[in-house]
Amino acid sequence: MPKNRQRNDPSRQSMRVIGCCSLLLVSVAFPACAHENHDQPAAVSDIVTYRSTALPERILLGWKSHPDTSQAVTWRTDTSVQYAYAQIAVAEAGPMFVPKAKAAQLNATTTFVPTDLGDRHYHAVNFTGLKPNTLYVYRVGDRTNWSAWIHFRTASAEPEPFSFVYYGDAQNDLKSHWSRVFREAFSDAPRAKFMLHAGDLVNRGNSDAEWGEWCAAGGWVNGMIPTVAIPGNHEYDRNRVDPTPEEIKQDDRHLCRRWRARFELPENGPPDLLETCYYLDFQGVRFVGLNSMEDYQPQAKWLDTVLTDNPNRWTIVTHHHPIYSGSKGRNNPEMRAAWQPIYDKHKVDLVLTGHDHTYGRTGQMKHEANLQTGERTRSEQGGTVYVVSVSGPKQYGRNDFKFARRAEDTQLYQIISIDGDKLRYQARTATGTLYDGFTLQKSPGKPNQLINQIPETPENLRPEK
Ligand SMILES: [Fe+2]
Ligand SMILES: [Fe+2]
């Protein structure tokens with residue numbers, strides 16, 4: 001069963017009702033050592049580190065509609081900024097674009113978001129009517145305080161080759177441990193078209209300091225390379241950092257308040273799951289994000305419709321909880337039963353997940369009732385390749401599932417490249433070392449051919465006891 005069946009959208013509702021002055025005072029009272037304890041609120045120093053001003057910060061690109069003709073951006077300030085703006089022009093080699101960008105100024109939508117470290121304003125602009133495969137330059141601000149001018153390139157209108165980066169759970173120690181993974185991934189794939197996060201981006205969805213660390217880890221890259229994300233269980237959080245005993249007992253968690261203000265994502269999913277369940281077409285690939293924290297069956301029905309009418313050559317799905325789990329006691333049979341037959345029916349090529357804090361990559365799999373053993377990791381009849389990965393430092397031990405390649409105690413990022421009939425997958429460790437690889441080859445009228453390209457290095461596994 002989904003761990004959370006809250007069907008309302010507290011990310012919007014709670015913004016209006018929670019005052020935060022008292023929350024700020026409560027946070028000050030916590031000990032400075034709390035930062036290392038993932039269950040405790042932020043430390044005092046975080047209040048200083050992540051205090052906002054009128055200057056735009058945490059600038060993040062995303063998409064609300066077609067990537068070849070649109071680009072969305074969000075950023076945040078303190079609440080003194082009531083009106084915010086973005087300016088945009090086609091990039092030029094010199095600064096002569098500035099008058100054109102000023103003439104093309106857009107008003108931002110501003111959302112009030114109370115956080116445990118104080119009230120914030122999140123601003124959003126959706127640039128539309130853009131030209132495909134074109135380098136643009138933009139900045140955001142309040143007409144006094146502006147960001148730097150930042151570039152982005154729109155997608156091609158055609159299915160041209162591209163790469164993207166996929167991360168499993170970042171979640172913990174984002175500044176000290178996860179940031180090096182991000183830097184290594186960016187160094188390896190600086191022209192990646194977007195960064196895909198399969199949930200659990202932070203440990204506590206309503207911790208402003210943790211989101212501050214997550215944004216700082218990506219830094220200016222987040223303003224230049226779009227982020228595509230779906231929520232994990234850790235983006236479902238209590239609305240208050242100081243829950244009452246009754247609230248603790250009820251364990252009443254909701255999608256974190258900032259999710260919909262923070263990420264700009266297509267609103268083409270089920271009406272009660274906007275920006276947590278959606279699809280996005282990018283240069284010949286249909287990407288589908290599902291919300292594994294919510295009911296499976298309505299999403300299965302929606303997914304069937306979305307994949308029935310799919311003109312793209314490739315289909316990649318992402319959700320947080322894995323179809324084939326890599327850690328003990330984390331089997332998801334109901335989700336597997338609801339979603340995997342839809343993947344089989346529509347020949348989904350690849351499913352990218354997280355949650356298990358370990359690495360596992362299957363062969364080509366099809367749904368079999370009650371299968372969580374992995375005996376058949378290679379099928380001559382085709383099937384979907386499933387990945388569970390982790391980019392952050394929290395690591396769990398493995399179960400007995402027979403993956404084609406697996407790892408423990410290893411932080412990884414994945415670079416996935418699509419070029420016509422070929423999909424190339426590489427998993428690399430935090431040190432940039434190739435750890436796993438395969439190519440999927442499409443041929444007309446035939447199942448995908450899986451060509452394993454696993455390096456001959458031993459698997460990173462804990463010793464057998
Ligand atoms: Fe998780
Ligand atoms: Fe996690």
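How many helices and strands does the chain have? The chain has 10 helices and 24 strands, where helices (H or I, at least four residues) and strands (E, at least two) are DSSP runs numbered from the N terminus.

This is a predicted model, in which local features need pLDDT of at least 70 and side-chain atom pairs count only at pLDDT 80 or more, while totals for chains, interfaces and linings use all residues. Residues are numbered from 1 along each chain as its sequence is written, and chains are lettered from A and ligands numbered from 1 in the order in which they are written.

**View 1. An open sheet of 7 strands.** At the edges lie β14 (278-282) and β20 (405-407), each pairing on one side only.

**View 2. Strands β17 and β19 side by side.** Here β17 (residues 350-353) runs parallel to β19 (residues 384-388), and 4 bridges join them. Look for Thr 353, which stands opposite Val 388 in β19. Strands of a sheet pair through backbone hydrogen bonds, either parallel or antiparallel.

**View 3. Residues 3-42, where pLDDT stays under 50.** pLDDT is the predictor's confidence in each residue, from 0 to 100. Over this stretch the model has 72 contacts beyond four places in sequence (contact: C-beta atoms, placed from the backbone, lie within 7 Å). Where pLDDT is low, the predicted coordinates should not be read in detail. For the chain, pLDDT averages 88, and 87% of the residues score at least 70.

Conventions. Pairing = 2+ DSSP bridges. Contact = placed C-beta atoms within 7 Å.
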